[in-house]
Amino acid sequence: MKEVAQDLPARLLQLWGWYSSPDSHPVFLARWHRAVKPGMVPPPPGEESQTVILPPGWQSYLSPQGRRYYVNTTTNETTWERPSSSPGIPASPGSHRSSLPPTVNGYHASGTPAHPPETAHMSVRKSTGDSQNLGSSSPSKKQSKENTITINCVTFPHPDTMPEQQLLKPTEWSYCDYFWADKKDPQGNGTVAGFELLLQKQLKGKQMQKEMSEFIRERIKIEEDYAKNLAKLSQNSLASQEEGSLGEAWAQVKKSLADEAEVHLKFSAKLHSEVEKPLMNFRENFKKDMKKCDHHIADLRKQLASRYASVEKARKALTERQRDLEMKTQQLEIKLSNKTEEDIKKARRKSTQAGDDLMRCVDLYNQAQSKWFEEMVTTTLELERLEVERVEMIRQHLCQYTQLRHETDMFNQSTVEPVDQLLRKVDPAKDRELWVREHKTGSIRPVDMEI
């Protein structure tokens, strides 16, 4: 299994959806935002120049996707549209300043508190800029498409936003490509993990192997009983008084039964040693090994579920810290005081810490999922190898069974050949001559009586 795992992690993770584009990874986005320094960011070619004067209190920044957005440092309002230099007149009709570009830890890239908090909460999971075109005047949560979707604590690329993944073994219907998701239990009792289905198939294969061995054992028993009955019948005294060439042929028929009985005994013995026993003893500890494998994968899945629970807990804590920061920011707008400013600083530190905790939890979750992913690939490939080995072993021993059958038929044919030879020599006239010579009472025939 270790040999199979060589060189897999880097290549497999590259093929896996999230790792194909680091810009789409939530942790990458979060760290990008934290790395951006406050201040004006030069616009890309084709956009407005920095020489354009913005209304008082407005600053412009770039999202991780390179899209420009605007922040009012006084009211915390944000918009994708450049605000008009004329007070009270928006740059374009219908623009909504309640939708924010991606945020983390409760701040925009400039350090301005995020507003509203649920938008920042969303950004840890989503990348908003990619799902909106430049002509959009209202970038909202509904317009943002999730790049990933989590099912039973396992994160998959979202089918609507992520490109199709390349199969790990494109030319084969390999286990490692088709059993990542859980399947609904046919009886309606929850779900069954994909690996559990593979394990059930392996255990079923072992059971089928055992039943084949039992079948051959029954076949052996039949052969042994048949041989005993043939031997017993060959000793029967019926028609033992037959004479002549026919009597010799009959005696050979009875002898052939004894020979045939010996052939079937040898056939049953070979069936036991060359077919039944290998089938029964092949992988004696298979069930125990499969249980160990099942427990290992199940433990990794439990660790993944635990990491996911930590992520959700950290996400909830971040939302609460952001909500507290927003409330204190609103209080500052109503009444300016040193105490309120100090409270905002404290709330900002707590929000930052909550964001750091969330990213740490996401990192640990991704590490746990990567480990589970690698173990799933190497283990499923090992199960494939074991399945091929089992099928090939059974095929070879069934071929041995048919070969023994052919040999037995040949030996049986040889036991009746002497019978055929004697039957061809049966001569009733010769038998009569021999019998007459032995049992004659006189050759002079009777004549008429004379007067």
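**Core and salt bridges**

Modeller: The largest nonpolar core holds 31 residues, and W180, F195, W372, V377 and L383 have the most contacts inside it. A nonpolar core is a set of buried Ala, Val, Leu, Ile, Met, Phe, Trp, Tyr and Cys residues joined through side-chain atoms within 4.5 Å. Buried means under 20% relative accessible area, exposed over 50%, partly exposed in between (1.4 Å probe, protein chains only). This is a predicted model: local features need pLDDT of at least 70, side-chain atom pairs count only at pLDDT 80 or more, and totals for chains, interfaces and linings use all residues. Residues are numbered from 1 along each chain as its sequence is written, and side-chain values use heavy atoms, with hydrogens and water left out.

Colleague: How do I read a salt bridge?

Modeller: Side chains of opposite charge can pair when their charged atoms come close. Here a side-chain nitrogen of Lys or Arg must lie within 4 Å of a carboxyl oxygen of Asp or Glu; the count comes to 18 salt bridges. In one of them, E384 pairs with K169, the closest N and O atoms being 3.7 Å apart. E384 is in helix α9 and K169 in the loop between β5 and α5, 215 residues apart.

Colleague: Is E384 buried or exposed?

Modeller: E384 is buried, because its relative accessible area is 15%; K169, at 24%, is partly exposed.

Notes. Helix = DSSP H or I, 4+ residues; strand = E, 2+ residues; numbered from the N terminus.
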